[in-house]
Amino acid sequence: MRGTPARARRWATAALSVLALTAVAACGGGNDSSGGGSGSADKADLTWQFWIGGTEDQAAWQKVADQAHTDHAGITVKLQGTDWNNYWAKIGTLLASGKAPCIIGMQSLRTASYASAMMPLDDLMKKYGLKAEDFDKPIMDGLKVDGKQIAIPYDSGPMVIFYNKDMFKAAGIPDPKPGWTMDEFKAAAKKLTAAGKTGLVTSPGDLGVTSWVRTQTGAEPLTDGKLNLTDPKFEEGFQGYADFVKTDKIAPQVPAGNADFETTQFVSGKSAMQLNGPWSLIDTMGKVKFNLGIAPIPAGPEGSKTFTAGSGFGISRSCKTPDAAFQAIQSMTSEKPLTTLAAAGRAYPARTVAHPAWFTAAKIPEAKEVIDYASENSVALVTSKNWVQVADLLSRFGTQALNGEIPPEQALKTIQDQAGAGS
């Protein structure tokens, strides 16, 4: 089984774009393009490339862009967007051409793949007084490559469990609390798997897979900066994840080519638990017809261990006005816009001062305790330069492993062999 042809083409295009970026970096290109922006440090017309979900999304994010003009009268930011699935192929092509817009939306898991065409921001942070400690540390680390800050985050969050409180109550299962164990999780999931419903829904997605592996065995996908999916500890953790479907039978098989299956299964009430990020919580609350709760990922031998991911804004190397672009980004990630995004449920803010607005909007009593606990037990998911390809391969071969069509260790070896070390 594999993804749909359209999705496969998008990922193939993205992978080729990343390869093109490598070639540009090797040739020393990408710094003298006519693209990017025009003006000076205090007066510039900038373009911001970002992923956009529709007209309403466009309007909400344009307000974020407008904060730059509010703070700096001579700077304007125009938002250009495309949907998430097509964004990465498009931005890869633009960055490889050396004609990318000044401001680039960047997600932490993909930062290493595109960093060669992005400008390190450390010197600009010092120049304009942006303090790293004002943001959640895991996501600041996640947006670094080789120790250099590539983007400034607007959102972040540790992976946590969303659960159906009504199903738990009907089954006589107490709400999970910080510190609950893998044995307690499996016992609950088995009890909830009945009458055509399951205790859990799984996905071959990279962030979900790696988080489950980390809490079960402590393994991470990289060793010394190189992809190492065939590490015995990683194989053991992935086997445990696949067992949720084949052996434990607490999760349904995963249909290939359906990227929305995990969310649809949970939102519809067909599965009682789903691993997700806090950035999706308020949106999910608006879709479900049951009481929604959150809990930390269950603890393995070394405790509850999860990964943090998130997104932010960086500057392309082709930008002619990096000072103006940085000042715009500083405004776009300041307290006011991030508080507004949090209150609207569009993001769990990366800036710590904006956290209270998100907790108020979430209206879940245990939210702060759970997110704080998960954050304390979280690290950034640091990825390799070939992670775009890795994510695609994991989606394809991971689906087969979850469904019991191939052994989990075979799936990981195939991904490792085809992707390479990625250093």
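## What lines the largest cavity

Sorted by class, the residues lining the largest cavity come out as 7 nonpolar and 1 polar, with no charged ones. Keep in mind that this is a predicted model. If you want to find the spot in the structure, look for V209, T210, L229, F234, W387, V390, L394 and L412, which make up the lining.

Helix 9 (206-217) and helix 17 (387-402) each put at least two residues into the lining. Helix 17 is the top contributor, with 3 residues.

## How much space is inside

The space in this largest cavity is about 30 Å³. The count of cavities of 30 Å³ or more comes to 1.

## The largest nonpolar core

Now for the packing. The largest nonpolar core has 56 residues, and the members that touch the most others in it are L46, W48, W61 and I103. Helix 13 (residues 322-332) gives this core the most, with 6 residues.

## A closer look at W48

What does W48 touch, once residues up to four places away in sequence are left out? Its contacts include W61 and I103, along with V64, A65, V77 and L79. K78, Q80 and G105 are on the list too, and F313 and M332 complete it.

Key
Residues numbered from 1 in each chain as written. Predicted model: local features only at pLDDT ≥ 70, side-chain atom pairs only at ≥ 80, totals over all residues. Heavy atoms only, no water. 1 Å grid on protein atoms, 1.4 Å probe; cavity = no way out; pocket = protein on both sides within 12 Å on 5 of 7 lines; lining within 4 Å. Points joined across faces, edges and corners; volume = space filled by probe spheres on them. Helix = DSSP H or I, 4+ residues; strand = E, 2+ residues; numbered from the N terminus. Nonpolar A, V, L, I, M, F, W, Y, C, P; charged D, E, K, R; others polar. Core = buried A, V, L, I, M, F, W, Y, C linked by side-chain atoms within 4.5 Å. Buried < 20%, exposed > 50% of the residue type's maximum accessible area, 1.4 Å probe, protein only. Contact = heavy atoms within 4.5 Å.
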